[in-house]
Amino acid sequence: MSFSTLGLSAELLRAIAEKGYSEPTPIQSQAIPVILEGRDILGAAQTGTGKTAGFTLPLLQRLNTLPRNEGRRVIRALILTPTRELAAQVEESVATYGKYLSLKSLVIFGGVNINPQIKALHNGVDILVATPGRLLDHVEQRTLDLSKVEILVLDEADRMLDMGFIRDIRKVLALLPRKRQNLLFSATFSSEIKKLADGLLNAPVLVEVARLNTAAELISQVIHPVDRDRKRELLSSLINTHDWKQVLVFMRTKHGANRLCEQLGQDGISAAAIHGNKSQGARTRALADFKQGSVRVLVATDIAARGLDIDQLPHVVNYELPNIPEDYVHRIGRTGRAGNEGEALSLVCVDEHEFLRDIERLIKREIPKVVVAGYEPNPLLKAQPIPNGRGSHRGNAPAQARRNGNNSARPSGQRPRTQDSKPGRGAQADGNRSAKDVTQRPAHPAVTRPRGEREQPAIFKRR
Ligand code: AMP
């Protein structure tokens with residue numbers, strides 16, 4: 001299979017060749033022809049599959065070939081993403097793949113001055129990439145017009161719902177023309193996503209693929225049991241002993257991320273933090289420094305790290321396990337991208353044993369435990385509750401209730417995030433997912449489904 005057989009124009013093929021892609025990824029070969037036909041898509045795909053090019057390339061081609069109004073440019077394609085980083089990356093892809101077309105794109109997100117965005121919108125844009133909150137700020141200020149949108153993309157829709165954007169999304173949908181093409185991408189399919197897809201998509205084609213690295217095989221996972229107050233020492237020692245040059249470290253809280261950054265600095269290891277309290281400029285700078293190697297460790301919270309595309313990131317460390325098991329899958333998926341090998345290791349103390357059990361239940365496998373010599377956990381230490389999360393302490397009614405098969409202790413069995421889950425307006429803590437949601441296949445009556453079953457997240461498929 002080559003890109004030229006997918007029906008893409010010479011301008012796009014040239015941009016693809018310059019990017020160095022020799023053949024389409026599975027999601028690209030499935031999605032591109034369908035999108036070019038003008039059909040709606042329900043894409044079951046995570047980052048790392050090549051999905052961005054999968055929807056960007058045909059979107060560019062359609063906008064380029066469909067007739068457009070004479071005169072001022074109007075927004076013809078709207079791409080919504082959950083985070084600023086992802087919005088910026090998607091727009092970068094639009095600009096890269098569309099460099100030989102005369103379409104204009106713009107990215108807008110919160111946390112930065114709105115005025116340059118207003119000016120750029122006023123000058124005319126064909127493709128707008130946006131996070132929902134800032135988009136609605138513009139709607140309120142009447143600085144953009146969505147009435148001519150021909151193609152809508154919801155990227156990482158599950159993340160947007162997790163982050164409490166559902167109301168914002170519904171408000172945006174109400175502003176779009178009825179007749180349009182809809183592309184919805186989501187890594188998981190909770191009942192909320194299915195409801196959204198049912199209301200949004202018109203006879204969609206289901207496109208479902210594994211990651212580029214299709215591979216538990218490519219991501220080696222290990223747990224290092226360690227006492228809570230020796231994690232920092234162990235992390236510094238691992239980085240120094242193995243001489244890791246680029247490590248992404250995950251924390252549950254913004255405060256924890258800042259503190260760890262300082263501590264690593266004291267240990268002589270350059271580190272930067274990326275989380276919701278940092279200004280957009282600081283986040284962009286931290287990411288750039290990390291990518292180019294002047295910072296060795298990037299300490300991130302789950303939401304800030306969402307959608308980060310760092311090529312060939314060899315090491316991901318869970319300094320703290322996430323309280324939402326599915327975030328573990330997203331975290332470790334930052335490594336082992338595009339077919340490269342990656343290593344995900346987790347420093348787990350006694351407080352997190354329950355989180356670990358939930359993760360292993362979700363991924364349907366036990367992660368090997370390796371005690372690092374000199375860091376043996378003290379067997380006498382008792383678990384302490386984790387603030388706003390679930391320690392393995394007694395008296396956690398919702399957790400206990402869930403284990404008993406009774407979800408009523410917390411509405412719909414929700415587990416709150418312990419970190420910066422408030423990216424903008426309307427954000428709520430919402431961890432309303434379960435192993436079932438992840439492994440469930442999207443069910444849509446009008447969906448055309450390629451053959452083949454997928455029983456668990458693709459990256460955990462066994463050979
Ligand atoms: P995405 O899933 O869109 O975040 O893409 C994941 C990574 O795969 C990005 O670094 C892309 O640049 C890369 N990529 C996308 N398409 C291809 C392709 N056809 N061949 C090789 N790499 C690709």
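Student: Where is arginine 142?
Tutor: Arginine 142 falls in the loop between helix 6 (132–140) and strand 5 (151–154). Keep in mind that we're looking at a predicted model.

Student: Buried or exposed, that arginine 142?
Tutor: With a relative accessible area of 75%, arginine 142 is exposed, because the cut-off for exposed is over 50%.

Student: Which loop holds alanine 203?
Tutor: The one between helix 9 (191–200) and strand 7 (205–208). Alanine 203 also has a positive phi, near 45°. With a relative accessible area of 32%, alanine 203 is partly exposed.

Student: How many bridges between strand 2 and strand 5?
Tutor: Strand 2 (residues 77–80) pairs with strand 5 in the parallel sense over 4 bridges. Alanine 77 has isoleucine 151 in strand 5 as its bridge partner.

Student: How do strand 12 and strand 13 pair, and over how many bridges?
Tutor: In the parallel sense, over 4 bridges, with strand 13 covering residues 342–348. Histidine 315 stands opposite glutamate 343 in strand 13.

Student: Where does asparagine 318 lie?
Tutor: In strand 12 (residues 315–318).

Student: Buried or exposed?
Tutor: Asparagine 318 is buried, because its relative accessible area is 0% and buried means under 20%. Leaving out residues up to four places away in sequence, asparagine 318 touches Phe250, Tyr328, Arg331, Ile332, Leu345, Ser346 and Leu347.

Student: Now helix 11. Which residues are buried there?
Tutor: Gly256, Ala257, Leu260, Cys261, Gln263 and Leu264 are buried in helix 11. The buried residues of helix 11 pack against helix 10 (231–242), strand 9 (247–251), strand 10 (271–274) and strand 11 (297–301).

Student: What span should helix 11 have?
Tutor: At 1.5 Å a residue, its 13 residues (254–266) should span 18 Å. The end C-alpha atoms of helix 11 are 19 Å apart, which agrees.

Student: And which glycine follows helix 11?
Tutor: Glycine 268, with a positive phi near 80°.

Student: Next, helix 3. Where does glutamine 61 sit, and what does glutamine 61 touch?
Tutor: Glutamine 61 is in helix 3 (residues 51–65). At 11% relative accessibility, glutamine 61 counts as buried. Residues up to four places away in sequence aside, glutamine 61 touches Gly7, Leu8, Ser9, Leu12 and Leu36.

Student: What is alanine 53 in contact with?
Tutor: Alanine 53, found in helix 3, is in contact with Gln28, Pro58 and Tyr97, leaving aside neighbours within four places in sequence. Alanine 53 counts as buried at 3% relative accessibility. The C-alpha atoms of alanine 53 and proline 24 are separated by 9.2 Å, with the two 29 residues apart along the chain.

Student: Last one: at roughly what angle do helix 4 and helix 12 cross?
Tutor: The axes of helix 4 (residues 84–97) and helix 12 (residues 280–292) cross at roughly 65° and come within 11 Å. The crossing is right-handed.

Student: Which residues meet in helix 4 and helix 12?
Tutor: Arg84, Glu85 and Gln89 in helix 4 meet Gln280, Arg283 and Leu287 in helix 12. The residues of this contact divide into 1 nonpolar, 2 polar and 3 charged.

Technical notes
Residues numbered from 1 in each chain as written. Predicted model: local features only at pLDDT ≥ 70, side-chain atom pairs only at ≥ 80, totals over all residues. Heavy atoms only, no water. Axes fitted to C-alpha atoms, helices over the stretch in contact; angles between N-to-C directions. Helix = DSSP H or I, 4+ residues; strand = E, 2+ residues; numbered from the N terminus. Left-handed = near helix turned anticlockwise from the far one by under 90°. Contact = heavy atoms within 4.5 Å. Nonpolar A, V, L, I, M, F, W, Y, C, P; charged D, E, K, R; others polar. Buried < 20%, exposed > 50% of the residue type's maximum accessible area, 1.4 Å probe, protein only. Expected span 1.5 Å × (residues − 1). Pairing = 2+ DSSP bridges.
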